[in-house]
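Open the model in your viewer and keep the selection panel at hand.

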There are 2 protein chains.
Amino acid sequence: MGRWEPNARGRLAQAALTLYSEQGFDQTTAAEIANLAGLKERSFFRHFADKREVLFYGTDSLQDLLVRSVADAPPSATAMDAVSAALQVAGAIVQENSETARLRYAVVSANAELRERELIKLAEIADAMAGALRDRGVQDSAARLVAETGVAVYRVAFARWNSGQGRPDLQQELRESMDELREVLAVPLVSSPSPS
Amino acid sequence: MGRWEPNARGRLAQAALTLYSEQGFDQTTAAEIANLAGLKERSFFRHFADKREVLFYGTDSLQDLLVRSVADAPPSATAMDAVSAALQVAGAIVQENSETARLRYAVVSANAELRERELIKLAEIADAMAGALRDRGVQDSAARLVAETGVAVYRVAFARWNSGQGRPDLQQELRESMDELREVLAVPLVSSPSPS
């Protein structure tokens, strides 16, 4: 095996997902992942900091795509429009890779450490989208609220889609979840609650 | 030191926060925390699974309070009303313990592992509030959307309040953040974006 390792990261990510699904995250070693990917163990740690990170291969480029979607939304688009457009992009990518996405979700959901890592990646995506909204001239507080809400809608829509209870098309599920939230929030609050 | 350790958990939590603030999370040992709390090291691990968990002392009882607030909202309250009432309860508790809350936030924000743990606790709170909403007869998807959105609003409002940019009163900041999100979402979407 030479030093040139074509798409080593992608191969490691695929191998890790396969092994984590088949035998569990805790039961899988970096050496086994590298072996299945046809690489040496030290290659694993050249590409990924730890066994968790390999499951988040692609997160950075997804984040870049979402930020670009927010930035590229037409000038007339509201903050929520821009974030909705970004969610549609994420939905399209996940839909095209449904099988991997479902497998990955099952692995992440089964392990507390992985769920924690997933949540921090999503929080980073929300931060990045909020930054892109500020660059469009959206006020800081609105930018953060809309970006965080967008990620919340994504999480709920994805879980529904994945469970089979939602629409078979994730993009449609995302649109309907966003519409549902808008409707729920449009109902005036009955009271201005003040706790004793 | 006898076996009877009045409020050992609370004392350990306070000692941990003090030491994490003063010398950093990574630099602090469980033995030091126990020592500052006037306890033996093995007491620490009788009360907390690890150095992270001690910072989340009180999270479970906060979650119980929030769930009860959602459950106890008047029958006429919408899902968003019920969650807003719960956020006001959280806001009141944090406001009464401002100094501890700010110190804790600084410690958590400075450490990736702690941020991850914080996010999973917030996700558990959202799940629990969604369950309380379902018990009120709210549909599953709306329950999850509203609960997740409530937590998103809380995170943004808390960060603003903590930074000094927001209102000095966290409850007011929470109300205004919720109103702001409602206003932003009330603007019709310009387009139904569909990515190429």
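At what angle do helix α4 (residues 59-72) of chain B and helix α7 (residues 112-135) of chain B pack, and how far apart are their axes? This is a predicted model, in which local features need pLDDT of at least 70, side-chain atom pairs count only at pLDDT 80 or more, and totals for chains, interfaces and linings use all residues. Residues are numbered from 1 along each chain as its sequence is written, while chains are lettered from A and ligands numbered from 1 in the order in which they are written.

**Stop 1: α4(B) and α7(B)**

Select both helices (DSSP runs of H or I, at least four residues, numbered from the N terminus). They pack at about 25°, with axes 9 Å apart; axes are lines fitted to C-alpha atoms over the stretch in contact, and angles run from 0 to 180 degrees between N-to-C directions. α4(B) and α7(B) are therefore roughly parallel (angles under 35 degrees). Now show the contact (C-beta atoms, placed from the backbone, within 7 Å). On α4(B), select B:T59, B:Q63, B:L66, B:V67, B:V70 and B:A71; on α7(B), the residues include B:I125, B:M129 and B:L133. The contact divides into 9 nonpolar, 2 polar and 3 charged residues. Nonpolar here covers Ala, Val, Leu, Ile, Met, Phe, Trp, Tyr, Cys and Pro; charged covers Asp, Glu, Lys and Arg; the others, Gly among them, are polar.

**Stop 2: the side of chain B that touches chain A**

Next, display both chains: 44 residues of chain B are in contact with 44 residues of chain A. Colour α5 (79-96), α7, α8 (140-163) and α9 (170-186) of chain B, the elements that give two or more residues to this side. α8(B) gives the most, with 12 residues. By class, this side of chain B has 25 nonpolar, 9 polar and 10 charged residues.

**Stop 3: the core**

Which residues have the most contacts inside the largest nonpolar core? Select A:M129, A:L133, B:M129 and B:L133; the core has 78 residues. Such a core is a set of buried Ala, Val, Leu, Ile, Met, Phe, Trp, Tyr and Cys residues joined through C-beta atoms within 7 Å, where buried requires 20 or more other C-beta atoms within 10 Å. Centre on B:M129: leaving aside neighbours within four places in sequence, its contacts are B:L66, B:V67, B:V70, B:V83, B:A86, B:A147 and B:G150.

**Stop 4: α7(A) and α8(A)**

Finally, select helix α7 (residues 112-135) and helix α8 (residues 140-163) of chain A, whose axes come within 8 Å and cross at roughly 140°. That makes α7(A) oblique to α8(A). Among the residues that meet are A:M129 and A:L133 in α7(A) and A:A147 and A:G150 in α8(A).

How values were computed:
Parallel < 35°, antiparallel > 145°, perpendicular 65-115°, else oblique. Contact = placed C-beta atoms within 7 Å. Buried ≥ 20, exposed ≤ 12 C-beta atoms within 10 Å, placed from the backbone.
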